[in-house]
Amino acid sequence: WIFPPSYNHHSPCQRKNLLFSMAFGRVAAAFGLMATASAADDRWAVIAAGSSSFWNYRHQADACHAYQLMIKSGIPAEQIILMMEDDVANATENPFPGKLYNKPGDDSPDVYAGCKVDYRGSIVTADLFLKVITGDDSNLPKGGSGKVLKSTENDRVFLNFVDHGGVGIIAFPNGPYMHASDLSKGLKTMQSKKMFKELTFYMEACESGSMFPDLTKDGKIFAVTAANAQESSWGFYCSPNDIVKGKHMGSCLGDLFSIAWMEDSDAAKFSSETIKQQVTKVTARTNKSHVTTFGDLSLESETIGNFEVAEALKSSLSTEEGTGYDVRDIMLHTAYWRWVQAAEKDKAAAWNDLERIVSNRKADEELFASVTRNACGELRGCTEQMAFDKHDLKDNECHQALAKIVHEQCPKREAHNTGGWNGFNMKFSQTLVNLCESKQTLKKESQELAQIVQEACKAAQGVETAIVI
């Protein structure tokens, strides 16, 4: 390993981020994201950013950066499908209208330039994502390109999802969330339709390690997640280190996992180390979240040198100092720094935003605390267990029912939220998992738990609601 001269001057945390980026970028190259010996037209890619609003700038910047990498690696544009809300580049808050940057600096490239969005706005939903990856072009929403995967059993497919998540769920900018069981069905459909020779899935989301429970060791699907099933992922290049061309951007520019695999330029130099060794190094050197792999590990024994790089991408490995935050807290930190950096005339409005966010977080904490109190009753130690235990998701039917009630009946905290779930409170999806996996201890059936969640939403909304399971 050759480190930059500034390495020894970094803090332990900054050294960790640098090592993460160096190691994981090489892993990404090994998994075939860079151009390989295979012909360009046997590779397909689907990229999805699942959020909206300038608060979530980083997700659309990540997605466009990934699009640029796919183009540079030689995948034909007609075989890359990109979906995102596309409301950030031209947002009024953007200091550089019509541009997106995935890292700070005076020479940071505009990743939005040439980023061709196939599906944007209100049509970007979980249902659309499933249609696209399964090649289902029936009843596609109007306003999009109409492209879906047309890959065959001889093709290599890359899927990339970037957004908020919780145990068993990931968010989309419109409509309901996607449940792990729905994603599993989609991947199985792709298998049954013989839509790939090999499929690689990179997922950037909190608790993303909970989204691939059914992958098999010989299914030719390999998934890499930003975090395991019990932790948050991390945003990066956040305030105050969000300066591009002399201006504070007012939002995090990237996600740590995503920028790590995309910022490497040294892909062609390693001919002896295996993918498994690289993944092991990444895991050992990452202390903010645990990069996790699932599915068919047959590629792990391959050496990086077995993947012939047709074009070494020259996007320089970023060594700028950056600030990272737990994704659950990014909106809070961003609001604070907006207040700190606001002009005097804008201070009051920025403070009101900060107060609103703090209030919404407290309200969500109380909502889910009331759920555990009512579910536990007088059971000693139960509320703590429901709040802090980390049960694995097994009872999908129960969890889906409770999660649906939260989406449909709990308060929508911000205008860009599609329902009761948001980037902060999706961590409480774990609470719902704990309830569902503890029905015997609680002496309650799924219907009773659903009623408890409904009543908590009703109390928070202050209106009558109808339970739907």
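**View 1. Strand E3 between two parallel partners.** Strands E1 and E3 run parallel and are paired over seven bridges; two strands count as paired if DSSP finds at least two bridges between them. Helices (H or I, at least four residues) and strands (E, at least two) are DSSP runs, numbered from the N terminus. The model is predicted, so its local features need pLDDT of at least 70 and side-chain atom pairs count only at pLDDT 80 or more, while totals for chains, interfaces and linings use all residues. Residues are numbered from 1 along each chain as its sequence is written, and side-chain values use heavy atoms, with hydrogens and water left out. Ile47 has Asn160 of E3 as its bridge partner. E3 is also joined to E7 by seven bridges, and these two strands run parallel. Here the bridge partner of Phe158 is Thr200 of E7.

**View 2. The two faces of strand E3.** Seven of the seven residues of E3 are buried, so the strand is largely enclosed by the rest of the structure. Buried means under 20% relative accessible area, exposed means over 50%, and partly exposed lies in between (1.4 Å probe, protein chains only). In a regular strand the side chains alternate between the two faces of the sheet. On one side of E3 are Arg156, Phe158, Asn160 and Val162, and on the other are Val157, Leu159 and Phe161; all are buried.

**View 3. Phe201 and its surroundings.** Phe201 is a residue of strand E7 (residues 198-204). Its relative accessible area is 1%, so it is buried. Leaving out residues up to four places away in sequence, Phe201 touches Phe129, Leu159, Phe161, Leu183, Leu187, Phe212, Phe222, Ala223 and Val224; contact means heavy atoms within 4.5 Å. Phe201 and Ile221 are 20 residues apart in sequence, and their C-alpha atoms are 7.6 Å apart in space.

**View 4. Helix H3 and what covers it.** Seven of the eight residues of helix H3 (residues 126-133) are buried. These are Ala126, Leu128, Phe129, Leu130, Lys131, Val132 and Ile133. Their cover includes strands E1 (43-49), E2 (80-83), E3 (156-162), E6 (178-179) and E7, together with helix H4 (180-192). Just after H3, Gly135 has a positive phi of about 70°.

**View 5. Helices H7 and H8.** Helix H7 (residues 330-341) packs against helix H8 (residues 347-376) at an angle of about 160°, and their axes are 8 Å apart. That angle makes H7 roughly antiparallel to H8. Axes are lines fitted to C-alpha atoms, for helices over the stretch in contact, and angles run from 0 to 180 degrees between N-to-C directions. Angles under 35 degrees count as roughly parallel, over 145 as roughly antiparallel, 65 to 115 as roughly perpendicular and the rest as oblique. Residues making the contact include Met331, Leu332 and Trp339 of H7 and Trp351, Leu354 and Ile357 of H8.

**View 6. An open sheet of three strands.** The strand order is E12-E9-E14, and the pairing is antiparallel. Strands E12 (254-255) and E14 (325-326) are at the edges with a single partner strand each, so one side of each has no neighbour in the sheet. Two bridges pair strand E9 (residues 234-236) with E14 in the antiparallel sense. Gly235 has Tyr325 of E14 as its bridge partner.
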